[in-house]
Amino acid sequence: MDEPTFYRYLLWGSLVVAALIFPALFFITAPYGRHEAKSWGPTVDNRTGWLLMESPSVLVFFACFYVGGCPTDPASLAFLFLWQLHYVHRAYIFPFRIKSGPKRMPIAIAGAGFAFTSLNAYLNGRWLFGLAGPDRYAAAWLSDPRFFLGAAIFLAGFAINQQADWILLHLRKPGETGYKIPRGGFYRWVSCPNYFGEIIEWIGFAICTWSLPGLAFALWTIANLLPRALSHHRWYREKFPDYPTERKALVPGLL
Ligand code: NDP
């Protein structure tokens, strides 16, 4: 089988799996963080889990850039910049900012995350720096409204995600491991602005690259984070009797 055929199978397969996983995640909440569960087998500490889950996004994407001949056209460099802006932080900075104490996550979750980020970085990186062909993102793409609108949406989502995570990560004083009601920023409107920002980012990336793998990633992110945001929201309301009633779960004013 040649690579383009193999690639097509993987891409469509990943879309089918996303469609199956989306409804399942309304019933099964991934057991890490506040939804930690003991029944998912052996565990690793949170920090190692995050490093393991997110490193392929940086490394595999960069490997695709390298295999693609390190293209220096502006669109390729812009895609590389946007992707790594998010993932260098997520893989190598975020894990050292979390204050979860002795919390652990199942190896099954870290392994599933590792498999997903490897596949996703391959699908996006290989497309952008190889399989799309040399003319797909030629110089004219930079003046296409899809490029700059998508990049602007990505950066807005990145800012929302960063601000939301910053607020969360500053709720605990050194040594604390419990939970508090987050306030300020987009928490005025929703319980999970970090997930909201993340979804906006990858919708922006899909528009910026106008590609099927970009769309698949945005759909995967929604399939994963929408049910989890609803779980977080329910959890906050059960745990805190004074939880702000006007706050939605994920999308301001809507959901
Ligand atoms: P959470 O919001 O569940 O937790 C983020 C961090 O903040 C954790 O360290 C958590 O501690 C802490 N925290 C959360 N809420 C509180 C609170 N009320 N009081 C005190 N501390 C709190 O996010 P995730 O861990 O699920 O995700 C982290 C980042 O990764 C997010 O930016 C998310 O968008 C991204 N992500 C992206 C995915 C994708 O599909 N693209 C998938 C999953 C995550 P603790 O661990 O103890 O709960």
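Is Glu3 buried, exposed or partly exposed? I began with this residue and found that Glu3 counts as partly exposed, at 27% relative accessibility, where buried means under 20% relative accessible area, exposed over 50%, and partly exposed in between (1.4 Å probe, protein chains only).

I note for the record that this is a predicted model, in which local features need pLDDT of at least 70 and side-chain atom pairs count only at pLDDT 80 or more, while totals for chains, interfaces and linings use all residues. Residues are numbered from 1 along each chain as its sequence is written, and side-chain values use heavy atoms, with hydrogens and water left out.

Entry on salt bridges. I looked up the salt bridges (a side-chain nitrogen of Lys or Arg within 4 Å of a carboxyl oxygen of Asp or Glu), and the structure holds five of them. One of these joins Glu3 to Arg126, with the closest N and O atoms 2.8 Å apart. Because Glu3 lies in helix H1 (residues 3-24) and Arg126 in helix H5 (residues 107-131), this pair ties together parts that are 123 residues apart in sequence; helices here are DSSP runs (H or I, at least four residues), numbered from the N terminus. Arg126 counts as buried, at 15% relative accessibility.

Entry on Arg90. I then turned to Arg90, which is linked with Asp165 and Glu198 in a network of salt bridges. The side chains of Arg90 and Asp165 meet at 3.6 Å, N to O. Asp165 sits in helix H6 (residues 145-169) and Arg90 in helix H3 (residues 74-92), so this pair ties together parts 75 residues apart in sequence. The side chains of Arg90 and Glu198 meet at 3.2 Å, N to O. With Glu198 in helix H7 (residues 193-209) and Arg90 in helix H3, the pair ties together parts that are 108 residues apart in sequence. I checked burial as well: Arg90 is buried at 6%, Asp165 is buried at 6%, and Glu198 counts as buried at 12%.

Entry on the cores. I looked next for nonpolar cores (sets of buried Ala, Val, Leu, Ile, Met, Phe, Trp, Tyr and Cys residues joined through side-chain atoms within 4.5 Å). The largest has 34 residues, and Phe79, Trp83 and Trp202 have the most contacts inside it. Among the elements giving two or more residues to this core are H1, helix H2 (46-67) and helix H8 (212-239), while its largest share, eight residues, comes from H3. Leaving aside neighbours within four places in sequence, I found Trp83 in contact (heavy atoms within 4.5 Å) with residues including Phe61, Asn120, Trp202 and Phe217. A second, separate core of 19 residues includes Phe94, Ile109, Ile199 and Leu250.
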